[in-house]
Amino acid sequence: MNILKISRLSVLWLCLLVTACADDKGNYTYEDKAVITIDGISQRVAVLAGAEYIDLKPVVTSNLEGVIDDQNTNFEFCYQRKNSEGEWVDVGNTKDLYMLASLDAGTHSFLFSVTDRRTEVKTLKLFYVNATTITSEGWMLLCNEGPEERVRLDMLAQLSIDRIVPAYDVIRRQGVPEQYHATNLGFYSTGSSTGNRIIMMSEDAAYRLPTGDAQGFTGFVEVESFHELKSSMFLTTTDDHIVNFVTVPYYGKYKPEHDAVICISREGNAYAWNTVVLETGFEYPINTSSRGGTPEYRVAPYVGTTLKRQFAAEYGIALLFDADNHRFVYWSGEGGDADEGRKQVLRPLEEPENKKFSYNTGNMDLVCMLSTNFSEGTVYSIMQDGGKRHIYEVNLGSGEIKQTACHLDITAENFAQASCFAASSQYYVIYYAYGNKVYAYNLGTKTCKPVITLDDEEITCLKFNRYDYPWGVEQLCNKYREYLPIYQERENQLIVGSYKNTATDNNGGVLRFYDVSESGMGLTLKPGWEYSGYAKIKDVRYKEIR
């Protein structure tokens, strides 16, 4: 009975099928739908904000037409980025994208779309660009840009021990006016959770560059008005313009530390920040004979200290120069916290027995002062004596001020015209630059020779890469011991900043690193360590991070 019912249903279904086929008028079309696939774009793209390019070359394929390129007019391409207001904005209308990552540090949403113009069907690819900061660690370059000498902070950023990239104009300002005529970079490595203090100085103003290092975010953050040095680190009001900022080391109760920071103003005043005592800052000028008194003379914009971080002295000392009375003066932290007022005055140096030169120099002026770690802490003072130049040596490494040598009437080639100087901490050698040449002068043998000659460039800066971290480079590399030899080697490389005379824009600055050999009388360009695109380099300082 059941078999009979199934048979009847089958016959009925067959009849309906035949009838449907007989009624088919043949007006159906059968056509494959185009399916677009997008490959070659990672879901997350990592770039350096402001330094690298977002470089995408997606492979777009149609199951009907094969690979689609820019020449196929049937398709339209578009890249969009979600802005801070949550809106999608166009950033490109070609298949490939090549754009500078002018983005804030963080993760940004991007969208790539392929539209078939014939059907208006759109295929989307969502991806994310992770823009990381380039200012966490590396060489900071204080530059003057263009004829007006706008202050610009460029960098040679160290992203990893084997990945070094240049970056330009890395400081963002929030209502802070531009600065002009760069002078120096100051660095105070606190070695604590408060983070390092980095000071960018010009003839106009000095600003503390805030970082997120202490919070673990790393890199510079936006500079605002309250970051001006006089607003954030001075306990008194002053109209001075700070142009130099130098730390003074000593051996604290348990470890190497900073005894003070001394800064100098364009107006010739010196200020001391007693860093040993908490909740202190720069007070009144210290170029006085009594704390808080009216300044009695002007000082030159240089401070000489030992660069030896783990030396035996229980207090710091620094050498300065009284520009009005043409004499050397000094700062001392002797007496410690119990004699805090002592740290707020400068004192003239007394003439030693068997002196090699007089601390009262007559009518001489100070050209520059070079701090080193040579012989535990030699400071070289280059003196201008009419048409002659002398070099005075003072050693501070033992916690005392000791004259060690006097070199009169240096007649080395172009020494009298030089304005850029650096001193080795390894060898008894001073380097100086004039025009496109760097010279090495051996103070012991009195020999001199040109060691670098650049084609059609002017040398603007000479600097050795010395770190400020109080415990020294060994502790700076504590987490990555395998990096220690690299960091130690860098301390003895001469950094040379120059500017191309043929530059047609404001980016003719070049940074080079040289290995030192032949007892200081030979310099060899470190392979691959030449970077260009900077403004005119005035000062170089390494941004340390632990």
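Modeller: Two strands count as paired if DSSP finds at least two bridges between them; strands themselves are DSSP runs of E of at least two residues, numbered from the N terminus. The model is predicted, so local features need pLDDT of at least 70. Residues are numbered from 1 along each chain as its sequence is written.

Colleague: What makes β4 and β5 a pair?

Modeller: Strand β4 (residues 59–62) is joined to β5 by three bridges, and the definition asks for at least two, so they pair. The two strands run antiparallel. Thr61 has Val67 in β5 as its bridge partner.

Colleague: Why are β1 and β5 called edge strands?

Modeller: The open sheet has three strands in the order β1-β4-β5, with antiparallel pairing. β1 (36–39) and β5 (66–68) each have a single partner strand, so one side of each has no neighbour in the sheet. The twist from one strand to the next averages 35°, taken between lines fitted to C-alpha atoms, with angles from 0 to 180 degrees between N-to-C directions.

Colleague: How do you know that β11 pairs with β35?

Modeller: Strand β11 (residues 138–145) and β35 share seven bridges in the antiparallel sense; at least two are required, so the pair qualifies. Met140 stands opposite Arg541 in β35.

Definitions and conventions. Predicted model: local features only at pLDDT ≥ 70, side-chain atom pairs only at ≥ 80, totals over all residues. Heavy atoms only, no water. Helix = DSSP H or I, 4+ residues; strand = E, 2+ residues; numbered from the N terminus.
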